[in-house]
Number of protein chains: 6
Amino acid sequence: MKIKVINPNTTWSMTEKIGEAARAVASPGTEITAVSPQMGPVSIEGFHDEAFAAIGVVDEVRKGEAEGYDGYVVACFGDPGLAAAREVARGPVIGIAEAAMHAASIIGTGFSIISTLERSRPMMEHLVHAYGMEHFCRSIRMTDMAVLDLEVEGSNAQKLVINECRKAIEEDHSDSVLLGCAGMSDLMAQVSREIGAPAIDGVSAGVKFVEALVGLGLGTAKRQGYASPLPKEYTGAFSAFTPT
Amino acid sequence: MKIKVINPNTTWSMTEKIGEAARAVASPGTEITAVSPQMGPVSIEGFHDEAFAAIGVVDEVRKGEAEGYDGYVVACFGDPGLAAAREVARGPVIGIAEAAMHAASIIGTGFSIISTLERSRPMMEHLVHAYGMEHFCRSIRMTDMAVLDLEVEGSNAQKLVINECRKAIEEDHSDSVLLGCAGMSDLMAQVSREIGAPAIDGVSAGVKFVEALVGLGLGTAKRQGYASPLPKEYTGAFSAFTPT
Amino acid sequence: MKIKVINPNTTWSMTEKIGEAARAVASPGTEITAVSPQMGPVSIEGFHDEAFAAIGVVDEVRKGEAEGYDGYVVACFGDPGLAAAREVARGPVIGIAEAAMHAASIIGTGFSIISTLERSRPMMEHLVHAYGMEHFCRSIRMTDMAVLDLEVEGSNAQKLVINECRKAIEEDHSDSVLLGCAGMSDLMAQVSREIGAPAIDGVSAGVKFVEALVGLGLGTAKRQGYASPLPKEYTGAFSAFTPT
Amino acid sequence: MKIKVINPNTTWSMTEKIGEAARAVASPGTEITAVSPQMGPVSIEGFHDEAFAAIGVVDEVRKGEAEGYDGYVVACFGDPGLAAAREVARGPVIGIAEAAMHAASIIGTGFSIISTLERSRPMMEHLVHAYGMEHFCRSIRMTDMAVLDLEVEGSNAQKLVINECRKAIEEDHSDSVLLGCAGMSDLMAQVSREIGAPAIDGVSAGVKFVEALVGLGLGTAKRQGYASPLPKEYTGAFSAFTPT
Amino acid sequence: MKIKVINPNTTWSMTEKIGEAARAVASPGTEITAVSPQMGPVSIEGFHDEAFAAIGVVDEVRKGEAEGYDGYVVACFGDPGLAAAREVARGPVIGIAEAAMHAASIIGTGFSIISTLERSRPMMEHLVHAYGMEHFCRSIRMTDMAVLDLEVEGSNAQKLVINECRKAIEEDHSDSVLLGCAGMSDLMAQVSREIGAPAIDGVSAGVKFVEALVGLGLGTAKRQGYASPLPKEYTGAFSAFTPT
Amino acid sequence: MKIKVINPNTTWSMTEKIGEAARAVASPGTEITAVSPQMGPVSIEGFHDEAFAAIGVVDEVRKGEAEGYDGYVVACFGDPGLAAAREVARGPVIGIAEAAMHAASIIGTGFSIISTLERSRPMMEHLVHAYGMEHFCRSIRMTDMAVLDLEVEGSNAQKLVINECRKAIEEDHSDSVLLGCAGMSDLMAQVSREIGAPAIDGVSAGVKFVEALVGLGLGTAKRQGYASPLPKEYTGAFSAFTPT
């Protein structure tokens with residue numbers, strides 16, 4: 001099985017970290033390719049970043065279809081471009097926020113999301129609402145550090161994350177925490193250990209859920225909202241993306 | 001006051017129709033400019049089309065800020081790129097689905113949406129949910145005609161639309177109908193007359209609500225999710241969109 | 001265009017303040033008349049006050065129809081009598097809580113309501129729920145001062161309001177605040193300035209939204225719940241209100 | 001125990017029927033007084049009727065407090081004036097829509113409401129939403145007959161009601177029906193028998209629930225939204241209602 | 001009328017307390033029998049305890065049908081086995097969480113639940129959600145004491161309960177409190193007095209609501225989800241429970 | 001990895017079918033054991049059946065923990081005993097309704113459930129509500145055949161199922177269907193083929209999701225509602241289940 005893990009931002013150090021997290025949980029026989037798009041924001045911290053990242057995600061899925069991938073993980077906690085990517089893919093496409101929330105709702109009674117900049121909070125609230133997870137999500141805690149701070153060696157980012165995770169368990173009645181940024185995908189084991197409760201990395205969860213769906217013979221449903229894009233002209237700079 | 005009405009698709013015949021609808025309701029002193037992006041899909045009938053259209057919307061708002069526009073209307077019933085556009089704009093940005101739903105919820109007890117292809121239904125359901133309009137929306141009726149059929153003279157598109165609008169009033173307990181495509185913006189008066197109930201065109205509603213908000217001195221809130229995009233590198237084909 | 005702004009309480013000093021706020025934002029050509037009913041509570045701080053104020057609101061709309069008004073604003077943050085008034089009116093009728101919430105949901109990702117006595121909290125919760133605004137309303141903060149304290153020169157009412165507005169922005173993740181009492185309608189500019197975020201006065205918003213709806217040719221829908229009152233006898237002290 | 005059953009409309013033939021239904025279920029030792037207000041609409045079929053009926057309800061509760069009543073039933077399926085009446089009462093006040101919905105949610109998995117004019121549908125939808133009963137209410141079926149048709153001997157009103165009740169059970173997956181008008185309070189036994197499923201009359205249910213609450217020593221909570229009306233001037237025609 | 005009050009746990013000292021609370025509010029002519037099942041957990045503090053307690057509840061209802069009971073109260077604040085018991089019963093069956101929430105939603109604008117171990121919180125959240133009470137429930141406060149601590153004379157359990165009840169009123173905007181454990185059923189009067197607001201014991205409320213429903217001639221609806229169990233074999237240790 | 005698939009009813013022919021479905025999708029290295037409890041109903045078609053089946057499920061998980069299982073699938077579409085079983089298990093426990101709904105919400109925009117007896121509808125509605133899937137579930141279609149009809153060779157059960165699945169796709173705007181009974185687990189491929197849209201069997205989905213969670217190192221969260229049962233006495237016939 002070939003799974004493409006798409007880091008929607010263009011910071012390749014993060015892409016590598018994401019790839020490692022993905023490969024660490026992949027089943028024997030699953031081939032992981034981690035990529036960043038050829039264009040787009042170096043980090044995703046708002047709706048504007050997301051809009052551009054979405055194109056990169058779609059582009060990578062489009063190429064992935066030609067390359068024979070069986071499924072895709074969108075590795076940013078805002079799940080940018082997810083619905084559009086699903087129109088392009090035959091196989092399943094999952095976002096890491098989506099994957100992490102589903103996992104948490106199966107193993108526990110309520111989760112908290114720990115993430116980065118305060119300004120990204122509404123992105124996550126929107127997803128919680130759209131995925132029907134309001135009764136499972138007990139809090140969203142933003143550390144107010146930038147996404148790329150997670151890439152800086154020697155920063156106190158990790159400490160900040162663990163600190164908020166601990167508060168989520170102790171103050172918000174949560175029994176698991178979601179690592180609300182793909183840049184935290186290397187922290188799953190450590191955070192779990194430190195807080196004594198499951199910490200869920202969506203990249204890892206996404207890979208396993210795609211494996212599960214492919215293993216079930218389930219691809220994206222092609223009869224309603226995720227039907228293949230209708231053939232029509234895309235003009236100007238986007239002519240290369242014209243659906244055929 | 002200068003309002004930019006952005007038709008997110010690149011079919012300029014529709015853009016002209018939209019511009020006419022906008023100008024027909026604009027107050028004296030309001031200058032309407034109707035545009036299509038320089039790139040993107042010729043019609044918007046799914047999430048994939050929307051993802052690309054969103055970039056065009058953001059681009060037009062970005063340029064609009066330099067040109068001194070006071071507010072923006074996103075003239076496609078899926079409201080593509082709305083949140084991203086709000087990050088870029090100082091003034092208000094409104095989507096036509098949003099505008100039409102707000103208007104309907106003020107003048108009536110329940111509305112129906114009449115729109116185009118069945119495959120676009122989930123886009124609208126998503127908006128109804130996201131805007132908190134579930135208790136007002138009594139039905140979504142798709143005519144299953146393509147968006148561009150509305151541009152074909154002599155087609156029976158208009159008849160199909162009126163037919164579904166009538167059913168919405170008579171069978172679904174609605175007291176108003178929303179014209180669920182910017183390509184129907186010329187039908188507001190006629191549909192209202194034929195069905196004996198308000199038919200709401202979101203383009204018209206969008207223009208008046210932007211006028212209202214600008215008149216109130218209200219622009220987009222700049223402290224949370226709609227704060228200006230953070231300065232960061234956008235790579236590759238999107239480098240021109242790097243926020244500064 | 002003639003808009004009647006109805007202060008549902010009978011404190012005319014507040015009515016004048018409301019009238020000033022309304023006129024300050026009205027478009028050229030819009031004629032504002034601010035009135036209080038001929039009967040009813042001097043302030044509205046609970047459901048009992050609201051029930052009586054509702055009659056006054058309906059009465060003013062009834063008279064307004066004879067006087068040729070194009071639309072109405074109900075200028076109390078509990079929106080008393082709104083549905084009943086809509087049955088009577090041909091044109092649009094909007095409540096100031098409703099108007100403020102709609103405006104906030106268009107310009108931002110989440111608002112707080114700042115209002116007066118703790119006992120009025122459930123009135124506002126009810127409106128948030130009824131208008132589908134639960135996903136936008138992040139907090140309701142009551143200052144616990146009486147409505148008429150806002151009319152007392154030299155009181156610290158204004159300071160209390162600003163203080164809670166600031167906390168809403170800083171502690172509750174809101175990006176705008178709603179001034180939850182018509183008696184605060186003179187504070188919109190000052191509060192905005194002090195907290196560095198939009199403060200929305202519903203009176204002002206109500207006037208602009210009525211202008212917008214009238215400009216669209218939209219009146220109240222007359223086919224379902226807001227159809228004109230059926231002709232029937234009203235007995236006793238209410239015989240003057242018998243619908244005909 | 002003394003319970004006042006208030007028919008909010010002023011049609012005394014209906015008041016008598018309501019009184020009979022109430023007395024038929026009252027416990028030994030419960031004294032039922034059924035009244036109509038001294039003013040107001042002869043039937044309640046919309047929000048306008050409700051606004052005026054609410055004053056009558058409050059007035060009857062106000063007088064009832066002086067007369068030593070222990071609790072109140074508001075006998076109209078729109079529950080007019082309920083919140084205001086609760087501010088005035090020490091004991092419990094229940095609406096018949098409220099009572100019927102609570103009863104149905106305890107004895108079954110889902111109910112339908114059968115009522116009168118189509119225009120009254122939004123009143124009932126509003127109550128279903130406000131009482132949190134959306135997951136229990138499977139349908140609202142309007143017979144489109146007027147309330148007072150139920151008072152006309154020899155009309156086919158009863159047949160129409162039974163017909164819709166039967167459809168609710170057979171087509172809507174409901175296991176009980178709510179008689180959605182106090183004018184149907186004499187039909188409870190007959191409808192139940194004919195459809196082979198519980199038909200719930202809110203007047204009867206209201207009386208028993210008030211008895212239950214009084215028996216528990218529970219009156220209306222007096223610390224938040226239902227605290228006694230604040231002493232303040234009510235002007236003009238309403239001066240007699242000034243809270244003290 | 002004969003009402004069986006079933007304490008789903010097997011601690012008979014608690015059963016006696018529950019029986020006393022039930023008898024204290026029962027109407028003349030109502031015969032109360034308080035029982036514990038012949039098997040099951042000595043206290044109920046989680047889903048596992050509930051699963052086993054449910055069998056005991058069903059067993060007691062099954063026997064109760066043979067013994068001619070008119071209705072049942074399930075006296076544990078998790079309402080274990082309620083739906084299953086309803087299939088077996090002709091008369092009404094009510095849970096004490098259900099009864100308390102219904103009572104609170106009629107007499108006030110918002111309640112808090114005060115209960116025992118933190119681990120039981122999700123059980124209560126689930127009920128609040130399932131009963132449609134989310135708009136009425138303002139907080140759930142766990143004292144983190146064990147259920148059986150309430151049975152220990154001289155413990156500070158009572159003080160802990162009153163303390164949290166007071167905070168619920170003062171900090172959470174609630175106007176009533178629900179005693180979230182049948183073991184608190186003796187505290188209703190005292191807590192009410194101490195906090196100056198209604199404290200609702202579900203055992204008492206359950207008895208009165210069953211009396212009310214029986215008085216209405218309403219039993220459990222027998223046409224949908226609560227139809228009698230289909231005759232089928234139950235194997236092994238459960239063969240005695242085979243429905244016939 | 002060892003996964004125990006628990007058919008909560010005691011019809012072993014169904015258990016074998018379930019085991020086959022499970023083994024057909026299990027990864028190499030996953031060992032599937034399909035069992036029925038030693039006691040309980042031969043089919044599960046209501047809340048009463050569920051209550052007894054839940055004990056069997058818990059018992060099998062309890063034994064499974066001693067036997068070293070890594071995870072569990074509860075193979076009945078009402079997910080009986082799920083929460084209780086989670087308290088007992090270290091590893092993940094998933095219900096087949098839960099698994100199927102999660103899968104459908106990832107691969108499509110809206111699903112329908114096709115199931116057996118009308119009386120079981122409320123069980124499924126309850127799960128849809130509890131899992132937050134209301135925005136994804138477009139219809140529940142009951143065939144009104146008994147569960148064990150699916151075990152009768154030569155019955156028209158299969159045809160009935162396919163017929164309703166087809167209607168769900170064509171009339172209800174769904175893009176996938178859930179096979180709402182473990183007895184349909186052999187139909188996944190055939191139904192998919194016949195209706196041209198994904199048919200999801202929860203047994204298969206459950207196995208793959210458990211594999212995924214175990215592969216992630218995620219077991220049931222042990223800090224809140226799913227913490228291990230507290231040690232306490234279980235009396236009488238249930239003394240063997242006393243948690244230790």
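A residue counts as buried when its relative accessible area is under 20%, and as exposed when that value is over 50%; anything in between is partly exposed. The model discussed here is predicted. With that cut-off, Arg141(A) is buried, because its relative accessible area is 15%. Glu171(A) is partly exposed, since its relative accessibility is 48%.

These two residues meet. The side chains of Arg141(A) and Glu171(A) form a salt bridge, at 3.3 Å from N to O. Arg141(A) sits in strand E7 (residues 137-142) of chain A, and Glu171(A) in helix H6 (residues 157-171) of chain A, so the bridge ties together parts that lie 30 residues apart in sequence. The pair is also part of a network of salt bridges, in which Arg141(A) and Glu171(A) are linked with Glu164(A), Lys167(A) and Asp172(A). Over all chains, the count comes to 109 salt bridges. Side chains of opposite charge can pair when their charged atoms come close.

Now turn to pairs between chains. Arg138(F) and Glu125(B) meet through their side chains in a salt bridge of 2.7 Å, N to O. Arg138(F) belongs to strand E7 (residues 137-142) of chain F and Glu125(B) to helix H5 (residues 121-130) of chain B, so this pair joins two chains. Glu125(B) is partly exposed, because its relative accessibility is 27%.

Another pair links chains D and C. The side chains of Asp49(D) and Lys232(C) form a salt bridge of 2.5 Å, N to O. Asp49(D) is in helix H2 of chain D, while Lys232(C) is in the loop between helix H8 (202-215) and strand E10 (234-235) of chain C. Are these two residues buried or exposed? Asp49(D) has a relative accessibility of 3%, so it counts as buried. Lys232(C) has 11%, so that residue counts as buried too.

Finally, consider chains A and B. Chain A superposes on chain B by a rotation of 180 degrees with 0.0 Å of shift along the axis, at an RMSD of 0.0 Å. That is the relation of a two-fold axis. Both copies use the same surface: 100% of the contact residues of chain A recur in chain B. In the interface, 45 residues of chain A are in contact with 45 residues of chain B. The two chains bury about 3900 Å² between them, 64% of it on carbon and sulfur atoms. His48(A), Phe52(A) and Arg119(A) supply 20% of the area that chain A buries against chain B, more than any other three residues. Across this interface there are 6 salt bridges. Asp49(B) and Lys232(A) also meet in a salt bridge between their side chains, at 2.5 Å from N to O.

How values were computed
Residues numbered from 1 in each chain as written. Chains lettered and ligands numbered in written order. Predicted model: local features only at pLDDT ≥ 70, side-chain atom pairs only at ≥ 80, totals over all residues. Heavy atoms only, no water. Least-squares fit on C-alpha atoms with pLDDT ≥ 70 in both. Contact = heavy atoms within 4.5 Å. Salt bridge = Lys/Arg side-chain N within 4 Å of Asp/Glu carboxyl O. Helix = DSSP H or I, 4+ residues; strand = E, 2+ residues; numbered from the N terminus. Buried < 20%, exposed > 50% of the residue type's maximum accessible area, 1.4 Å probe, protein only. Buried area = accessible area lost by both parts, 1.4 Å probe.
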